[in-house]
Each structure stands twice: as structure tokens, then as C-alpha cells.
Amino acid sequence: FRSFTLSRARRAASKRSTPMDAPVAGTRSPRKRITRSSYRPPLKTEPILLSALLDSCLELLAPVIKQAGVAVKRAYPENEHKVNADQNQLRQVFLNLVLNAIQSAKDQCCVEVSVKEFVQETRVAVKDHGPGIPPGSLKRVFEPFFTTKPGGTGLGLPIAQRIVAEHGGRLVIESAPGAGTTATVILPGG
């Protein structure tokens, strides 16, 4: 009995003569089957402070932040308004975005986390000062299974984008080689 690992599966898939997306007669492609069948719990929205949720994410990631030698700068509004959202699902989004930023930040650099309120929306930005994302890759960051990270699954940003969309919002990734990356979650309400 040999243990099955994701890396072994990727190696095997890369050796196939047909692409992973090629459907077997009478079936959908594995990629579509996995992404369409993933369980999506219904949103359980309640009024939450995004800054408090971000702080809890940063607390969970404290050992990773310390090990990476990255400083975190926070910028939150003084009299922040609550936003109706599913705290658990947004936690997944913010954990993913902050972890991506930590992994991309250069040594002894910082990650910036901010909440900005506008009349009809609230924006949460996570910015790193890492190498940035090349334009060709930037176009593909929301494609399921696309990754440039060793050991990455390529599912973090597509799942985050879906969760934000289910909240009526948008996830925007801005980046330039050598200038870092900013991931901005834009949610209705402010």
C-alpha cells in the first residue's frame, strides 16, 4: 500500500498524454467536478467589525508571522461601522490573503492590513512588499489549480473570490513585478 500525496498526483498528471481537463467519455472534467461539487455552507450573516476579525486572523497566524520575520502594520478606522457578513467564511478569506502576503513578503519586510470605509462600501486591503506577480500570472490568479507556489494547490484565491462574491462583494488583486501585491476585498455597506 503506497501513500498517495498531492505532489505524486501532480507528477502523475503532468506525465499524462491528455490534459487534466480532458473529459472522459460521458463525464465532466475532474477540475469542473471538484470545483462544482465542493460543499458551500449557506451564509450566516451577522453584524461584525472587520478589524476585530482581521486581528483574530493575525493572532492565529502569529507563529507564522514570527517565523517569517515579517512586521504587520494595521490601519483601521476609529469609529468603524459593522458590516453584515459571515464571520467564519470571511475568516477563511482573510487567513488566505494574509498568509499569501506573508509568504510573498521579502525578509524583514512588512505586510500592511487596512480597513477603509466609504459611503456604500468597505474595503479591506492586504499589501505585501514582495516581488509582485508577473502580468501573465496575474491574469490567472483566480483560475482553479493555477499556482506559482511550490506545494500550492491553486484553490485559495478562487475560493476566496467565491466567498466574497457570495457576500455581494469583489476581490481585486493588484500587482507589479518588484512592487508587491495588494489584495482588496470590497464589501457592500460602510
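The residues lining the largest pocket of this predicted model divide into 15 nonpolar, 13 polar and two charged. In total, 30 residues make up that lining, and those nearest the pocket's centre are Asn100, Ser104, Thr148, Lys149 and Leu157. The pocket itself has a volume of about 630 Å³. Helix H5 (87–104), strand S5 (121–128), helix H7 (156–166) and strand S7 (180–188) are the elements that each give two or more residues to the lining. Of these, H5 supplies the largest share, with eight residues.

Strand S5 also leads us to the strand pairings. It pairs with S4, and S4 is in turn joined to S2. Here are the two pairings side by side:

| Strands | Sense | Bridges |
|---|---|---|
| S2 (residues 71–75) and S4 (residues 110–117) | parallel | five bridges |
| S4 and S5 | antiparallel | seven bridges |

A hairpin of three residues connects S4 to S5.

Now for helix H3, which covers residues 50–60. Which of its residues are buried? They are Leu50, Ser51, Leu53, Leu54, Cys57 and Leu58. Viewed down the axis of H3, these buried residues fall within an arc of 160°, so they line one face of the helix. On the face of H3 turned away from the buried side, you will find the exposed residues Glu59 and Leu60.

Conventions:
Residues numbered from 1 in each chain as written. Predicted model: local features only at pLDDT ≥ 70, side-chain atom pairs only at ≥ 80, totals over all residues. Heavy atoms only, no water. Buried < 20%, exposed > 50% of the residue type's maximum accessible area, 1.4 Å probe, protein only. Helix = DSSP H or I, 4+ residues; strand = E, 2+ residues; numbered from the N terminus. Arc of directions from axis to C-beta. 1 Å grid on protein atoms, 1.4 Å probe; cavity = no way out; pocket = protein on both sides within 12 Å on 5 of 7 lines; lining within 4 Å. Points joined across faces, edges and corners; volume = space filled by probe spheres on them. Nonpolar A, V, L, I, M, F, W, Y, C, P; charged D, E, K, R; others polar. Pairing = 2+ DSSP bridges.
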